[in-house]
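Please keep the sequence and the structure in view while reading.

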Amino acid sequence: MSFTTLDWTIVAFYLVGSVCAGLLGKRFIGDSVSHYLVAGRELGTFLGIATLAATEIGTITYMYNGELGYRYGFSAFAAALISGLVMIVVGRTGFVISRLRELRLMTVPEFFELKYSRGLRLLTGVLVALGGILNMGVFLKIEGEFLTIVSGIGSRYLIAAMTVILLLELLYTVIGGMVSVVITDFIQYVLLSVATLLVSVYAVHHAGWTHMISKIGETMGRAGFDPLVAPKFGLTFLVWQTLLWFSIHTCWQTTAMRMFSTRSPETSKRVMTWTGFIFLGRGMLPMLWGIAALTLFGSGAMTAGVPAPVVGGRSMAPIDAMPAMLAVILGPGIKGLVVAGMLAATMSVNSSYLLGWSAVISQDVILPLRQIRNARPLSSRSQIVINRLANLFVGLFLMFWGLYYTPPGAVYLYLNITGTIFLAGAFVCVVGGLYWERATIAGGYLAMLMGAAGAIIPFFFLHWNENITGFMAFGLAALGLVIGSLLTPNTSTAMEKP
């Protein structure tokens, strides 16, 4: 199960090449904050597709989707289908993304000052940063688990692996900003695509398609094929997922930054549409790996309705079943290519997320606070310095949170809830601000606060079901916008491009 010299050589060659390519980005940013955060708004269709796909497909993506496949069988495909189909709809119609691109924004909370008020932009920035960092907080530990399991180096090296990954990502993200991220995204997308196809072929070949179907039927029955009767799923889950993915594809900071980086609103629509087809495979293929892992290794004591994976006589958690399977079935060289591909996915997602959340902290928290105090405006160079410092702060927090927090239940559902902390209110406020003239500042405040409370209190303190919590958060946010807007006069002004 351990790496060979050939595998380590492949991984080392990739890491050195990727970091060197990322460092080249500094040559193109100069002193322009728009180049640092949104690549000068010069992305074309093909590069935009590659960087958006790479941004939202990481090792964490494969891990939580693999876990969903292991836990819920083919019913998990419903989540993947919703994410891809909603993305295609948003791209084809230009819903929200075209209008936001026309405004030449750099962050999502920036819209809140244009439509509502500077104070609401500040509140939204705090909630976006909080939800985003909590969301990203579990990435490093789970990604480190994948690398240590597949490479066979042992869990005692988990912290060291996490630290190295984070430092490499910080190195070129802090220095080169969005330009460096886009350059490395393209390289990483190509390598990741090769790794995904290789693993899919190996997984289905070793497990056997008919055996996979039989195993799900024996273990889960109808619930393994029908999401309406599967545990944790049902109609409420499907509705919540639809709302959630509409909000992610329009208001998730890292996705939105790709739309803001395109050459035009029409380019952003094409990028979103074609990436939607990639998203269908982004979810379903790793879920297939999870089903293969259940078929090959699901033989331990029943836990949460499924047998625990047993590899080499050792019982493991469901989320570790997929990488354990890869460690067994992949041969020398192939294993190195797959781990390099997953490292590519890890670095691509994490660098984009580091840039996204640090941009919100610097542009939507620190700068508005300075403006409220009537402080002297900052130059582009000073804004880039603040962005870099925010990057370092986020990185340090992620190290601490990733070491000491373990999400309850399926990781996918935890990520959904932490994202909902700000997405429920942000999506409602953005849609209301763009398409409903009656939306007011008071309505915006209520939407953001009620949406955040609807996600935080039930999940973290009352321990409610994720589906009910997520569905309620969007409902409360919508209710807050409507009530607040109808009870107060509309004092918002016409939006102007910044």
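How many cavities of 30 Å³ or more does a search of the whole structure find? The search finds two; a cavity is a set of points on a 1 Å grid over the protein atoms alone where a 1.4 Å probe fits but cannot get out. The model is a predicted one, in which local features need pLDDT of at least 70 and side-chain atom pairs count only at pLDDT 80 or more, while totals for chains, interfaces and linings use all residues. Residues are numbered from 1 along each chain as its sequence is written, and side-chain values use heavy atoms, with hydrogens and water left out.

**The largest cavity**

The volume of the largest cavity is about 250 Å³, a volume being the space filled by probe spheres set on the grid points. Its lining consists of 22 residues (those with an atom within 4 Å of a point), and Y64, N135, W252, R282 and Y353 lie nearest the centre. Helix 18 gives the most to this lining, with five residues. The helices in the table each supply at least two lining residues.

| Helix | Residues |
|---|---|
| Helix 4 | 59–72 |
| Helix 12 | 235–251 |
| Helix 14 | 265–297 |
| Helix 16 | 334–372 |
| Helix 18 | 411–435 |

**The protein as a whole**

The protein has 20 helices and three strands; these are DSSP runs numbered from the N terminus, helices being H or I with at least four residues and strands E with at least two. Of its 498 residues, 63% are buried (under 20% relative accessible area, with exposed over 50% and partly exposed in between, for a 1.4 Å probe and protein chains only). Among contacts (heavy atoms within 4.5 Å) between residues at least 6 apart in sequence, 86% join residues at least 24 apart.

**Helix 15**

Helix 15 (residues 321–329) is largely enclosed by the rest of the structure, because eight of its nine residues are buried. Among them is I329, which counts as buried because its relative accessibility is 10%. Leaving aside neighbours within four places in sequence, I329 is in contact with Y202, A203, H206 and L296. I329 and Y202 are 127 residues apart in sequence, yet 7.2 Å apart in space, C-alpha to C-alpha.

**A residue in a surface patch**

V239 belongs to helix 12 and counts as partly exposed, because its relative accessibility is 33%. Together with L228, V229, L235 and F471, V239 makes a nonpolar surface patch of about 440 Å². Such patches are made of residues with over 30% relative accessible area and no salt bridge, with nonpolar side chains (Val, Leu, Ile, Met, Phe, Trp, Tyr) joined within 5 Å and like charges within 9 Å. A salt bridge is a side-chain nitrogen of Lys or Arg within 4 Å of a carboxyl oxygen of Asp or Glu. Accessible areas come from the Shrake-Rupley method with a 1.4 Å probe, and for residues only the protein chains shown count as cover.

Notes
On a 1 Å grid over the protein atoms alone, a cavity is a set of points where a 1.4 Å probe fits but cannot get out, and a pocket is an open set with protein on both sides within 12 Å along at least five of seven lines; lining residues have an atom within 4 Å of a point.
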